[in-house]
Amino acid sequence: MKLKITKSDKKALLAALAVCGIGILFSILIVLGVDIYRQHTYTSVILPDAYRITDMKAKEHTSYSVNGDNTDYIYIITVKYEIDGTSYTDTLQILQGTHFATELHARYLADNAPEEVLGNLYYSEKDPSHIGRYGDDSLFVE
C-alpha cells in the first residue's frame, strides 16, 4: 500500500512547521530579552561579605498550567544588605528539592548566616531595594 501525499498536504505540513518554528523563535527571544534586561538592570554587585542571610523558611508554592496544579516547596531567603549607608532587606526564592537548596539550608542551620553560599548578589542602582542573582536557575527574585 502506497501513501499518496498531495500538494495541499505538503503546504499544510509546511504551515504547521512554520508556526512551530515561529513559536520556538519567539520563546527564545523572550528568554534572551529577559536575560538582557536583568543583566542591564542588576549591574551593581554585592559581595558575600557585604550581606547577611537573616531568615530562611519553607513555603508551599502552587503554579497553575493547562495540565493542572503543580505544588512545589520553596525556601524564602531573607537577605539584609547595605548600600551607600542605607540598609535594605529583600527576599529570594529557591526550589526546596535542589542540591543547592539542601546545602544552603544545612549551612543556614549550622552557621545562621552562610553568606558565601549565595555568592555575589546584584542590584539596580536605580532601585537598590531589590536584589538578584545569576548562575542558578532555581533561584529567582520574588
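Modeller: The model is a predicted one. In it, S124 counts as buried, at 9% relative accessibility.

Colleague: What makes S124 count as buried?

Modeller: Buried means under 20% relative accessible area. S124 has 9%, so the term buried applies. The residue is found in the loop between β5 (121–123) and β6 (131–132), and S124 touches T41, Y42 and H130, not counting residues up to four places away in sequence.

Colleague: How do you know that S124 and K126 form a polar contact?

Modeller: The cut-off for a pair of N or O atoms is 3.5 Å. A polar atom of the S124 side chain lies 3.2 Å from the backbone nitrogen of K126, so the pair is within that cut-off.

Colleague: Why is I24 called exposed?

Modeller: The term exposed requires over 50% relative accessible area. I24 has 54%, so it is exposed. This residue belongs to helix α1 (residues 7–41), and together with I28, L32 and I36 it forms a nonpolar patch on the surface, with about 380 Å² of accessible area in total.

Colleague: How do you know that β5 and β6 pair?

Modeller: Pairing requires at least two bridges. Two bridges join β5 to β6, so these antiparallel strands pair. In β6, I131 is the bridge partner of Y123.

Colleague: Why are β1 (44–46) and β6 said to stand at the edges?

Modeller: The open sheet has three strands in the order β1-β5-β6, with antiparallel pairing. β1 and β6 each have a single partner strand, so one side of each is left without a neighbour in the sheet.

Technical notes. Residues numbered from 1 in each chain as written. Predicted model: local features only at pLDDT ≥ 70, side-chain atom pairs only at ≥ 80, totals over all residues. Heavy atoms only, no water. Patch = residues over 30% accessible without salt bridge, like charges linked within 9 Å, V, L, I, M, F, W, Y side chains within 5 Å. Areas by Shrake-Rupley, 256 points an atom, 1.4 Å probe, with all protein chains shown as cover. Salt bridge = Lys/Arg side-chain N within 4 Å of Asp/Glu carboxyl O. Helix = DSSP H or I, 4+ residues; strand = E, 2+ residues; numbered from the N terminus. Buried < 20%, exposed > 50% of the residue type's maximum accessible area, 1.4 Å probe, protein only. Polar contact = N/O pair within 3.5 Å; in protein donor to acceptor, adjacent residues only side chain to side chain. Contact = heavy atoms within 4.5 Å.
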